[in-house]
Amino acid sequence: MISNYPGTTVEVARGKVSALQNAILVDTPGVVTFPPRSEDELVTARVLINEPLKAVIQVGDAKNLRRTLSLTVQLAEMGLPMALSLNMMDEADSRGVRLDHNCLGEAMGISVVPTAAVHGRGIKELISCVQTASAPALLLEYPYAVESVLQRIIPQLPQASISPRSLALLWLSGDPVSETYMKGHLRQEEYQSLLAMRESILEEALDLPGQIQVTRQAFVDKLVNLAVLDTGEGWKGISKKIGYLATHPVWGIGILALVLYSIYWFVGVFGAGTLVGILEENLFGGVINPWVTGMVEKYISIPLVADLLVGEYGIWTMGMTYAIALILPIVTTFFLAFGIMEDSGYLPRLAALSNRIFRFLGLNGKAVLPMVLGLGCVTMATLTTRVLEKKRERLLVTLLLALAVPCSAQLGVVMGMLAGISLSATLIWSGVVMLILLAIGWLAARLVPGERTQLLVEMPPLRMPVISNVVVKTLARLEWYLKEVVPLFIVGTLILFVLDKTAILDWIIRIGEPLVSGWLGLPAQASAAFLIGFMRRDFGATGLFLMEAQGLLNPAQVVVAMVTITLFIPCVASIMMIAKERGWRTAAGMVVLIIPLAFLIGGLLNKALLFIGWGV
Amino acid sequence: MAFFGLFTPHRTPAVSTPVSSGVRNTHNLAAVCPGEKAKVTGFSKSITPERRMQLQAYGINPGTWVTVSMHSPVTVLQIEHLEIALETEMARGIEVEG
């Protein structure tokens with residue numbers, strides 16, 4: 001996925017390129033430098049060290065040559081055949097940057113191709129360069145202290161796809177990926193002796209990583225002096241001015257309000273209102289569902305099977321109708337809006353702007369990316385916490401996502417219900433959820449050991465989003481989402497159907513009565529909604545939506561139910577993702593923490609609303 | 001006309017070219033006024049080696065000229081065509097002159 005934000009790609013994507021026969025292209029997350037500092041960068045380091053790569057293509061920013069070349073030098077030292085694509089050449093041109101790319105290639109022994117990928121410029125040339133690329137012959141000479149250590153280490157290293165020299169340099173710089181690789185490919189005593197050597201060097205207080213860095217930097221400086229004909233200094237484009245305003249403490253808030261309002265209008269009013277109205281009421285309610293029901297009644301004579309398909313808990317009438325008519329328009333509009341924000345480069349500015357709030361939560365502004373994405377899909381956002389540097393931050397953000405960030409599907413249902421009551425209902429709901437988010441976030445930050453990491457983030461220039469880019473990304477996210485949602489909706493409906501037919505549902509409703517009716521003050525049938533809330537909380541919310549439509553809930557009950565279901569665990573898929581990324585114990589811990597907390601807050605709110613006499 | 005800074009995204013730097021005469025003013029990046037330029041001279045102890053490597057990867061190296069565009073809500077720097085946002089505490093650990 002291409003995006004104007006470092007950190008959109010957090011996993012490796014593999015695909016075929018028609019121009020490169022029999023080859024598989026591996027797209028890895030972006031890297032600033034090695035050793036990697038976050039989990040997504042680790043993914044890239046692992047690919048380089050572990051996989052049998054034929055060639056490497058580095059896609060770098062042409063207008064920031066120094067930064068691009070810092071990585072190129074490291075890649076060239078690895079000895080894999082490589083080509084450097086000096087990308088965003090169009091932007092470099094418009095800023096008056098002029099480069100001599102040929103001399104760069106000669107100095108490092110690699111092919112250097114200027115490209116502007118969004119316009120397809122230079123791509124053919126890049127592909128042909130990759131096919132003929134040979135191993136670069138770059139050999140940087142480090143200070144004596146480094147070289148003597150390298151000479152001692154290199155003979156003891158295991159075979160790897162990258163050069164022994166670069167493996168040794170990585171390991172000396174404290175890189176975790178090379179460490180794992182060496183541990184896995186050496187006998188224990190061999191690795192221990194290497195480790196002892198490294199420790200004795202560190203005890204001598206020789207700053208080897210620093211010396212390595214200085215040598216590389218000096219080489220990069222030389223290259224930059226050679227290749228940059230015009231730095232384009234003093235350029236002041238409109239995007240720079242808007243970028244400045246978007247981060248400004250006063251104007252930035254105004255721009256944020258405008259952005260939020262646009263998203264609200266596009267996703268909330270247009271997606272959840274207009275589109276859902278057309279699809280659910282007109283298309284499904286008026287045309288498709290009556291037709292399907294008619295066909296089923298005509299051709300299927302077994303009542304149980306007919307009921308399974310088009311009954312109250314029918315796979316078509318409930319599962320598919322929810323998934324396609326209610327949820328799909330909301331997530332589609334959200335992902336489009338998110339894609340535009342991502343492509344425009346606004347998100348890193350939001351990270352800078354929101355840094356203060358996240359400091360309060362023991363985090364830094366970078367956490368805004370998974371949090372905003374969580375408003376689209378919490379499962380996807382849990383995966384994206386990989387962009388955060390420390391395990392502690394990933395854990396904190398995962399908790400907040402699971403507890404208090406409603407995904408777009410749920411948000412759509414919740415907003416639809418609350419908007420039908422009054423503005424104060426919406427304010428109570430959002431106020432309580434925000435309060436819980438801040439309180440639990442603040443508390444968790446103080447309980448989870450470790451220090452807060454300070455913000456350090458690159459801010460790419462603001463650009464006009466490329467529509468084709470946004471559409472492709474939205475489609476990819478929708479495919480991911482549908483594959484996850486539709487089966488769950490069908491399984492959820494099936495479970496409800498079975499529970500209903502076997503009268504277990506009635507039993508569960510009775511069992512849950514003290515909690516649901518006594519504590520939360522809801523009708524006993526709401527137990528069923530919370531039960532399916534275990535599958536997906538938006539599914540649970542939809543169940544409550546139906547209850548409200550039948551006139552079973554008063555305003556206070558709607559607000560209590562919505563707060564409880566919002567604070568509920570997101571969905572089965574997100575729990576699986578938490579388990580995958582953070583481990584089963586963490587996932588189990590979160591479930592054990594979140595479910596009682598959701599009911600506790602819901603019940604307290606019920607008492608509070610009863611006390612002040614709101615909506616009863 | 002500095003109405004919330006709207007019309008002055010980048011004030012004319014007080015020092016637009018490297019200082020070549022007089023006593024050089026040594027301080028840290030957090031003390032550089034928005035719109036002004038400074039030359040990085042080194043890093044203080046508060047910057048961990050790991051952080052220093054990241055900063056250097058972004059091109060914040062001794063000898064490099066950087067332009068500060070703001071300090072609030074965070075410090076924003078410009079190095080050639082690259083914009084970096086960092087917390088002001090971190091900027092305090094970057095030693096500069098000029």
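A:W265 lies in helix α12 of chain A, which covers residues 251–299, where helices (H or I, at least four residues) and strands (E, at least two) are DSSP runs numbered from the N terminus. The model is a predicted one, in which local features need pLDDT of at least 70 and side-chain atom pairs count only at pLDDT 80 or more, while totals for chains, interfaces and linings use all residues; side-chain values use heavy atoms, with hydrogens and water left out. Residues are numbered from 1 along each chain as its sequence is written, and chains are lettered from A and ligands numbered from 1 in the order in which they are written.

**Surface around A:W265**
- A:W265 counts as partly exposed because its relative accessibility is 45%, given that buried means under 20% relative accessible area, exposed over 50% and partly exposed in between, with a 1.4 Å probe and protein chains only.
- Together with A:Y261, A:Y264, A:V269 and A:F270, A:W265 makes a nonpolar surface patch of about 530 Å².
- Such patches are made of residues with over 30% relative accessible area and no salt bridge, like charges being joined within 9 Å and nonpolar side chains (Val, Leu, Ile, Met, Phe, Trp, Tyr) within 5 Å.

**Helix α11 of chain A**
- Helix α11 (residues 238–247) of chain A is largely enclosed by the rest of the structure, because seven of its 10 residues are buried.
- The buried residues of α11(A) are A:S239, A:K240, A:G243, A:Y244, A:L245, A:A246 and A:T247.
- Their cover includes α12 and α15 (346–353) of chain A, together with β3 (65–70) and β4 (75–79) of chain B.

**Domains of chain A**
- Chain A is assigned domain 1 (13–139 + 230–235), domain 2 (144–208) and domain 3 (251–612), with bounds that come from an automatic or database domain assignment.
- The centres of domain 1 and domain 2 of chain A, taken over C-alpha atoms, are separated by 27 Å.
- Contact (heavy atoms within 4.5 Å) links 14 residues of domain 1 of chain A with 15 residues of domain 2 of chain A.
- Between domain 1 and domain 2 of chain A the buried area is about 1200 Å², with carbon and sulfur atoms giving 73% of it; buried area is the accessible area (1.4 Å probe) that two parts lose on being put together, summed over both.
- Of the area that domain 1 of chain A buries against domain 2 of chain A, A:P35, A:I49 and A:M78 supply 48%, more than any other three residues.
- The count of salt bridges between domain 1 and domain 2 of chain A is zero, a salt bridge being a side-chain nitrogen of Lys or Arg within 4 Å of a carboxyl oxygen of Asp or Glu.

**Chain B and its interface with chain A**
- Chain B has two helices and six strands, which follow the pattern β-β-α-β-β-β-α-β when read along the sequence.
- Of the 98 residues in chain B, 51% are buried.
- In the interface, 36 residues of chain B are in contact with 48 residues of chain A, and the two chains bury about 3800 Å² between them, 56% of it on carbon and sulfur atoms.
- B:Y58, B:H81 and B:E87 supply 19% of the area that chain B buries against chain A, more than any other three residues.
- The count of salt bridges between chain B and chain A is eight, and B:E87 forms a salt bridge with A:R359, with the closest N and O atoms 3.6 Å apart.

Notes: Accessible areas come from the Shrake-Rupley method with a 1.4 Å probe; for residues, only the protein chains shown count as cover.
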